[in-house]
Amino acid sequence: AIKDGRFVAVGSDAEAMALRGAATRVVDLQKRTVIPGLNDSHLHLIRGGLNYNLELRWEGVPSLAEAMRMLKAQADRTPTPQWVRVVGGWTEFQFAEKRMPTLEEINRAAPDTPVFILHLYDRALLNRAALRAVGYDKNTPNPPGGEIQRDANGNPTGMLIARPNAMILYATLAKGPKLPLEYQVNSTRQFMRELNRLGVTSAIDAGGGYQNYPDDYQVIQELADKDQLTVRIAYNLFTQKPKEELTDFKNWTGSVKLHQGDDFLRHNGAGEMLVFSAADFEDFLEPRPDLAPNMEADLEPVVRHLVEQRWPFRLHATYDESISRMLDVFEKVDRDIPFNGLPWLFDHAETISPRNIERVRALGGGIAIQHRMAFQGEYFIDRYGAKAAEATPPIQRMLAEGVPVGAGTDATRVASYNPWTALYWLVSGKTVGGTTLYPQGLPRATALQLFTHGSAWFSSEQGKKGQIKVGQLADLV
């Protein structure tokens with residue numbers, strides 16, 4: 001029984017029906033199962049919503065032939081000057097052909113409309129029309145941290161390679177035209193509706209590149225003001241300026257009140273980017289990058305400021321070697337200014353070691369895990385071996401240590417926003433291409449718990465949502 005958006009009775013038919021009045025709406029689910037609404041602990045919903053109507057999604061498409069048919073149809077109906085964008089949520093391993101499209105195939109499907117296809121964090125494919133639109137030619141130098149692949153004559157082929165980070169991919173994508181404001185509002189509503197269709201009722205927005213606060217939050221704020229949000233959003237603030245990160249966070253802690261907002265849109269702290277020198281994007285086609293020597297010196301003043309202000313924070317981290325150095329900084333700050341229950345977390349943590357899991361627990365942190373390995377587990381196995389992949393990420397160990405763990409997708413740029421793809425990975429231990437990563441997956445009830453009240457911890461809403469319990473928010477599927 002539900003009243004004013006909260007559960008007021010959970011139990012037998014008799015207990016619930018005792019509260020029935022003349023105006024009560026009764027829904028008979030015909031013995032279907034009810035679960036708590038799914039809560040994605042790491043989703044780029046605000047940025048993804050602004051672009052959702054612009055994108056062609058290949059989530060779950062079973063063959064490359066079908067994907068290319070979709071691409072051609074999308075190119076045929078895309079108005080000038082817009083692009084066709086395939087941005088995340090797919091991998092070649094899902095296709096029957098087990099390969100990516102060639103540049104020749106993309107140019108044949110879309111000879112005139114710009115096409116940008118993002119593949120994980122490692123590369124992007126642009127057709128000739130897109131190369132013209134972004135202005136890449138024989139004289140364009142490689143940007144820092146990226147490579148423009150060239151033919152024998154020095155002309156760009158259309159392949160962009162992230163080496164050692166994904167900046168070239170996202171900077172190129174950012175050159176595309178945006179939607180007008182009213183179309184961004186519609187796009188965001190469509191994205192939320194799609195998430196609702198898949199059972200998502202809450203998400204923690206992890207910020208993102210090219211997502212400035214407050215400028216790029218205008219649409220989500222407008223929808224909140226009009227009571228048109230259909231996903232509850234807790235948002236983190238993500239610094240946008242290399243070398244000016246501390247200035248960003250000082251500005252925000254002075255102008256934004258922690259947890260300001262309501263149960264549909266509320267502030268949630270800092271991150272997932274705290275300083276640019278601490279970003280270790282996973283790209284298992286490339287060797288693990290060492291973080292810059294100045295990372296600790298950059299990170300410490302930001303963390304010190306956030307702990308002083310009692311702002312929760314989250315930090316993107318893939319590799320155990322990076323996590324060790326980050327924890328050194330956190331422990332140093334904690335000795336001067338105790339964390340003392342301040343919520344903080346690592347995102348991703350694919351190769352975190354048992355020792356560092358213990359250090360996270362000792363500092364009161366959590367770990368938000370996502371199904372990025374479901375899309376690139378094959379690449380990980382090729383580089384590091386099947387044995388190493390069995391504990392990437394080591395979720396069972398995290399749970400055994402008592403560290404708070406919340407599940408999510410990290411959509412939309414790499415993995416799919418479909419939570420059931422992530423739940424499949426958690427339970428089966430397999431990639432979307434069917435490769436076995438883990439000798440045994442999680443029990444279904446455990447996986448569901450990580451996607452519901454497990455994730456509530458990460459927005460300081462444990463006990464408020466994530467369970468079908470009297471007094472909690474009545475979000476259900």
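**Close-up views of a predicted model**

**View 1. The crossing of helix 7 with helix 8 is right-handed.** In this predicted model, the axes of helix 7 (residues 181–197) and helix 8 (residues 218–225) come within 10 Å and cross at roughly 70°. Because angles of 65 to 115 degrees count as roughly perpendicular, the two helices, helix 7 and helix 8, are therefore described as roughly perpendicular to each other. On the side of helix 7 the contact is made by Leu181, Gln184, Val185, Thr188, Arg189 and Met192, while helix 8 contributes Gln218, Val219, Ile220, Glu222 and Leu223. Sorted by class, the residues of this contact between helix 7 and helix 8 are six nonpolar, three polar and two charged.

**View 2. Helix 9 (residues 245–255) and helix 10 (residues 295–308) have axes that come within 9 Å and cross at roughly 10°.** That angle makes helix 9 roughly parallel to helix 10. Glu245, Leu246, Phe249, Lys250 and Thr253 of helix 9 meet Pro301, Val302, His305 and Leu306 of helix 10. The contact of helix 9 with helix 10 comprises five nonpolar, two polar and two charged residues.

**View 3. Serine 455 is a buried residue of helix 18 (residues 453–456).** The relative accessible area of serine 455 is 0%, and the residue therefore counts as buried. From this position the side chain of serine 455 reaches the backbone oxygen of leucine 450, at 3.0 Å. When neighbours within four places in sequence are left aside, serine 455 is in contact with Asn39, Ser41, Ile204, Gly406, Ala407 and Leu450.

**View 4. Serine 322 belongs to helix 11 (residues 320–336).** With a relative accessible area of 2%, serine 322 is buried. Apart from its neighbours within four places in sequence, serine 322 is in contact with Asp280 and Leu291.

**View 5. Valine 231 sits in the loop between helix 8 and strand 10 (232–237).** Although placed in a loop, valine 231 has a relative accessible area of 0% and is buried. Not counting residues up to four places away in sequence, valine 231 touches Leu45, Met192, Leu195, Asn196, Val200, Thr201, Ser202, Ala203 and Phe264. Among these partners of valine 231 is Met192, which also takes part in the contact of helix 7 with helix 8. The C-alpha atoms of valine 231 and valine 134, which are 97 residues apart along the chain, are separated by 35 Å.

View 6. Most peptide bonds are trans.

**View 7. Positive phi values occur at aspartate 4 and at tyrosine 210.** Most residues other than glycine have a negative phi. Aspartate 4, although not a glycine, has a positive phi of about 50°; aspartate 4 lies in the loop between strand 1 (2–3) and strand 2 (6–7), where, with a relative accessible area of 73%, aspartate 4 is exposed. Tyrosine 210 is not a glycine either and has a positive phi of about 60°, and its place is in the loop between strand 9 (200–205) and helix 8.

Terms used:
Residues numbered from 1 in each chain as written. Predicted model: local features only at pLDDT ≥ 70, side-chain atom pairs only at ≥ 80, totals over all residues. Heavy atoms only, no water. Axes fitted to C-alpha atoms, helices over the stretch in contact; angles between N-to-C directions. Helix = DSSP H or I, 4+ residues; strand = E, 2+ residues; numbered from the N terminus. Parallel < 35°, antiparallel > 145°, perpendicular 65-115°, else oblique. Left-handed = near helix turned anticlockwise from the far one by under 90°. Contact = heavy atoms within 4.5 Å. Nonpolar A, V, L, I, M, F, W, Y, C, P; charged D, E, K, R; others polar. Buried < 20%, exposed > 50% of the residue type's maximum accessible area, 1.4 Å probe, protein only. Polar contact = N/O pair within 3.5 Å; in protein donor to acceptor, adjacent residues only side chain to side chain.
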